[in-house]
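Look over the sequence and the fold before reading the points.

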Amino acid sequence: MNKPQNINEKMLLHGEFLPVSGNLLFLKTSPNKALDAFIRSETAMKFQVRHREQKCSLNDAFQQLFPWATDADKWWCIGTKSEWTLALHNDGDDFGNSLAGLGHWAKCDALLIQYFPAGLPSGNPYIPQTLTEVRAFSYMPFGAEPRLVTVRCHREKQWSFHELGKAFPFEDTVKYSERFKRNRLTLEMLKSYSGHFGIDPFNKDFYLNSAIFATSRETLTSAEREEFMGSWQAYHAAKTGWKVYSIKMVNGIIEKIRLYAQKRFKHEDFDDV
């Protein structure tokens with residue numbers, strides 16, 4: 001695998017298993033409870049889950065996730081030298097925010113650390129490479145307001161910076177005002193922020209050699225899945241008042257907003273200069 005030049009060798013396992021090793025979701029619970037949450041979430045969506053406990057190194061765990069983005073979803077719930085569990089998935093793109101829903105199912109806090117460049121092989125035949133460079137700190141306390149800080153670059157053209165929620169006292173908020181958006185959230189900052197929760201995300205020795213491997217497979221035909229998703233979306237809309245959009249629809253909406261913003265605002269409001 002040829003690595004883009006902007007990979008930071010201080011990343012977990014020196015960036016060898018990017019982009020998956022750049023999407024690190026931590027759940028404040030045990031591996032067994034994290035697995036239980038995953039099973040309940042997948043069963044609710046009519047997927048079949050199989051799992052097994054095994055001892056293996058972190059390197060071997062990532063190896064078993066290959067190939068990225070196959071028909072069978074592959075998951076790991078890996079113990080750490082703290083009260084947090086690492087959850088991994090074999091999706092090769094920016095999947096992390098969807099994983100954060102596991103915190104809801106597990107009824108625990110979740111911390112998502114993302115750091116990976118664009119141009120990485122994703123394993124997805126429709127999107128063969130990661131399109132977005134991502135750096136993100138997302139803390140989602142169960143039942144409370146989340147705290148999000150993200151820096152993104154889409155197709156190596158437009159850098160953007162976004163934050164949501166109240167900043168923690170340990171955050172380097174002065175950096176958020178730097179002229180170049182790419183410098184507003186660094187690998188060193190992500191490591192420092194994680195440390196305040198007792199997490200050392202980029203250190204392989206932080207992870208235990210005991211883990212739970214799980215696979216999730218489709219149980220419905222294409223027609224049955226379409227019918228089920230239609231009824232599920234209708235139920236969700238009736239209960240919450242929110243319409244559930246497909247990924248394709250969401251991407252289309254985002255692209256329209258981006259094009260409008262380019263015309264409406266000055267170039268320097270969105271890009272590094």
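How many salt bridges does the structure hold? The structure holds 7. This is a predicted model, and its chain has a mean pLDDT of 76. The points below start with confidence, then move to helices, salt bridges and single residues.

**Confidence**

- Of the residues in the chain, 67% reach a pLDDT of 70 or more.
- Helix α5 has the highest mean pLDDT among the elements of the chain, at 95.
- Helix α7, residues 247-264, has the lowest, at 51.
- The pLDDT is below 50 over residues 244-251. Beyond near neighbours in sequence, this stretch has 6 contacts in the model.
- Residues 264-273 also stay under 50 in pLDDT. For them the model has 20 contacts beyond four places in sequence.
- Where pLDDT is low, the predicted coordinates should not be read in detail.

**Helix α1**

- Helix α1 covers residues 31-44, which makes 14 residues.
- From its first C-alpha to its last, α1 reaches 20 Å, close to the 20 Å expected at 1.5 Å a residue.
- Which residues of α1 are buried? They are Ala34, Leu35, Ala37, Phe38, Ser41 and Glu42.
- Seen down the axis of α1, these buried residues fall within an arc of 160°, so they line one face of the helix.
- An α-helix has 3.6 residues a turn, so residues three or four places apart point the same way.
- Lysine 46 follows α1 and has a positive phi, near 70°.

- Aspartate 36 pairs with arginine 40 in a salt bridge. Their closest N and O atoms are 3.0 Å apart.
- Why are the two separated by about one helical turn? Because aspartate 36 and arginine 40 are 4 residues apart in helix α1.
- Aspartate 36 has a relative accessibility of 38%, so it counts as partly exposed.
- Arginine 40 has a relative accessible area of 35% and is partly exposed too.

**Helix α2**

- In helix α2, residues 58-65, the buried residues are Leu58, Ala61, Phe62 and Leu65.
- They cover an arc of only 95° around the axis, which puts them on the same side of α2.

**Salt bridges elsewhere in the chain**

- Arginine 135 and glutamate 133 meet through their side chains in a salt bridge, at 3.0 Å from N to O.
- Are these two partners buried or exposed? Both arginine 135 and glutamate 133 are buried.
- Glutamate 163 forms a salt bridge with arginine 147, with 2.8 Å between the closest N and O atoms.
- That pair links distant parts of the chain. Glutamate 163 is in strand β8, arginine 147 is in strand β7 (residues 147-154), and they are 16 residues apart.
- Glutamate 163 counts as partly exposed, at 37% relative accessibility. Arginine 147 is buried, with a relative accessible area of 2%.
- Salt bridges that share partners join Arg147, Glu163 and Glu171 into one network.

**Lysine 175 and its loop**

- Where is lysine 175 found? It is in the loop between β8 (158-164) and α5 (187-195).
- The side chain of lysine 175 makes a polar contact of 3.0 Å with the side chain of glutamate 178.
- A polar atom of the lysine 175 side chain also lies 3.2 Å from the backbone oxygen of asparagine 183.
- Not counting residues up to four places away in sequence, lysine 175 touches Asn183, Arg184, Thr186 and Met189.

- Leucine 187 lies in helix α5. Its relative accessible area is 3%, so leucine 187 is buried.
- Leucine 187 and tyrosine 115 are 72 residues apart in sequence. In space they are 7.2 Å apart, C-alpha to C-alpha.
- Serine 194 lies in helix α5 as well. Serine 194 is buried, with a relative accessible area of 0%.
- Which residues does serine 194 contact, leaving aside its neighbours within four places in sequence? They are Leu111, Ile113, Ile199 and Pro201.

Key. Residues numbered from 1 in each chain as written. Predicted model: local features only at pLDDT ≥ 70, side-chain atom pairs only at ≥ 80, totals over all residues. Heavy atoms only, no water. Polar contact = N/O pair within 3.5 Å; in protein donor to acceptor, adjacent residues only side chain to side chain. Contact = heavy atoms within 4.5 Å. Buried < 20%, exposed > 50% of the residue type's maximum accessible area, 1.4 Å probe, protein only. Expected span 1.5 Å × (residues − 1). Arc of directions from axis to C-beta. pLDDT = per-residue confidence, 0-100. Salt bridge = Lys/Arg side-chain N within 4 Å of Asp/Glu carboxyl O.
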